[in-house]
Amino acid sequence: MIAQSSTICTSQIFTGIYSSPYRHHRPFRHHRFSRYRSSFRHRKSDIVIQTPLHDKVSANVSKIIDISSPLKSSPKQSCKYEDLSIAQFIRFLKQIKLKKLLSKIIDVRQQNKISYKNDVILQWALTVYFFRQGSCNALQTSLQKLKPNKRTAILKYLGLLEDEIDSFPHRTVVNDCLGRIEADEVNELLIHLFNWAKKSKIFYNHMPKLLSYDIFHICIDGFSVHKYDTPHAVNEKKKNICPYCLPRRHNKGKKNEVTYWMHGFVNVTIVFSGGLQLPLYVYPLKASQIKLEGSASDEELKQESELQAAKMILPILKEKLGKLPVALLTDSLYANEPLIKLCEDLGWDYLIVRQEGSLKTIRRKCDELEGCELYQQSYRAHETIKLKNGNTIERTVKWFNGVTIGKKSYTNVLRFEEIVKDADGNSIKKKYFKTEWLCSKEINKGNCFSLVKRGRMRADHEDLHNSLKNRGFAAKHDYSRANSNAWLVWKILMFVAFGIFELFSFTTLAQKSKGPSSWIAFAKDLLSELLKIPWEIIALSPSLKKEKIQFRFNFSP
Ligand SMILES: [Zn+2]
């Protein structure tokens, strides 16, 4: 009965080939998919039934058979297939022109000696992060297990079939290639991604949610990732040749002397009020740039290296971002005159946390003013918020404008205190919060609480680092131990993968497809779909079939 009617999609011919083996296929992650069994969701163009994977395949197949029914005579009504999540993701990658961006990265390998192009290898590496594999070995193992007749989908996804290649690059080939790539070219991908979002008017169209303060908030923070007890990359004389190893020595000359090496970098990310986070730049810390004794504490090392990095990175970013209105959000490490002067020179606003110990003259001056009657009456504000659970939040802001820092610069100081009380009026200790910011903007009753909200957005950046460490990206795994450049490229690709997946996760399609499960589970399921569903079935998804598609974004909490 197949292919008898002229209204049948050409893709129908695959029905006979793929329907039978999958009827007997055991469902994977059954516990997750079973939640969707029989739940119908109406989408703009079709009705989707979320089912376990083996059912998804047979559902698509049965829909193919349905189309051949003589009752459906109009060809326009045909092809109502389930829009598979992996198809949506593949279409999204096409939308951001990932392949084109990756193929622009310079490949220094001898072209007549290579089997896999640069862009294929880079996408292979990104795949490890997209689908939260935790290591290159994990992806390698999944691919090795695939029988030749099940490879089409992932070969298609990686763009290998276009080059008529039916095998996957081995992880050693991937590492070798990444080791030869210029790290800053990979950093450029982050800027491209931001520019793509800007050009696609995502920020403009969602201005009230994303840019509620009419300014882009850029966070800068350090991120330590590895600690090695022995040098991990050495020359023939066993000398450490890794430029990113920051040597640490404790108890020098004593019996309990300890030496180890650390890796870390400084990351710059744009955080938006709607929760979106887009990494912009990754800068690895280098031992050669830091003028500190090896015996300095890890904290001193972190501070010195991050400050050095900020001085180098921020002017580079200014050049890349041009006239974009920017406010820099930082922790207390950056509470110093040179950094404030740098922000002024760049024309950027700032909100910098000041803690005990930094800029003590500012603290003394503000303590003094705080005691004055005028300040107590006119330079403070309170707000009380009743929560649904009966708790109350009490916030107090005190401010001091035009406080001198050093000889030339001035700043404005905002002191903030938040007390949360339970229904009986008792303070909840764990929720007590107190901080102080240095602000470029003059503070007044009208803007003081919005400045607090903006300053607190820095917590989202900490959350990003937390996601990279604990939510499937395995940031603490070094990915390439012996090749320092490959290590760095792997790390920057981790941020690139985060940024791409972050944007995808705010599309309405991805949000509906994910349902109530976690993003990690959803990401892992995307790979399972790619490995277990034949390409011909994936290709029937509307997201891949439609000539034009516009991803809609949703930034509501
Ligand atoms: Zn190293």
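This is a predicted model: local features need pLDDT of at least 70, side-chain atom pairs count only at pLDDT 80 or more; totals for chains, interfaces and linings use all residues.

Tutor: Residues are numbered from 1 along each chain as its sequence is written.

Student: How are helix 6 and helix 9 oriented where their axes come within 10 Å?

Tutor: Helices (H or I, at least four residues) and strands (E, at least two) are DSSP runs, numbered from the N terminus. The axes of helix 6 (residues 118-130) and helix 9 (residues 171-179) cross at roughly 110 degrees, where axes are lines fitted to C-alpha atoms, for helices over the stretch in contact, and angles run from 0 to 180 degrees between N-to-C directions. Angles under 35 degrees count as roughly parallel, over 145 as roughly antiparallel, 65 to 115 as roughly perpendicular and the rest as oblique, so helix 6 is to helix 9 roughly perpendicular.

Student: Which residue is the bridge partner of Thr396 in strand 11?

Tutor: Two strands pair if DSSP finds at least two bridges between them. Strand 10 (residues 392-405) and strand 11 (residues 409-421) pair in the antiparallel sense, over 12 bridges. Within strand 11, the partner of Thr396 is Glu417.

Student: And which residue of strand 12 is the bridge partner of Asn412?

Tutor: Strand 11 is also joined to strand 12 (residues 433-439), with which it runs antiparallel, by seven bridges. In strand 12, the residue that bridges to Asn412 is Cys439.

Student: Is Arg132 buried or exposed?

Tutor: Arg132 lies in the loop between helix 6 and helix 7 (136-145), and has a positive phi of about 50 degrees although it is not a glycine. A residue is buried if 20 or more other C-beta atoms, placed from the backbone, lie within 10 Å of its own, exposed if 12 or fewer, and partly exposed in between. Because Arg132 has 21 other C-beta atoms within 10 Å, it counts as buried.

Student: Is Lys238 buried or exposed?

Tutor: Lys238, which is not a glycine either, has a positive phi of about 65 degrees, and its place is in the loop between strand 3 (216-228) and strand 4 (246-250). Since Lys238 has 9 other C-beta atoms within 10 Å, it is exposed.
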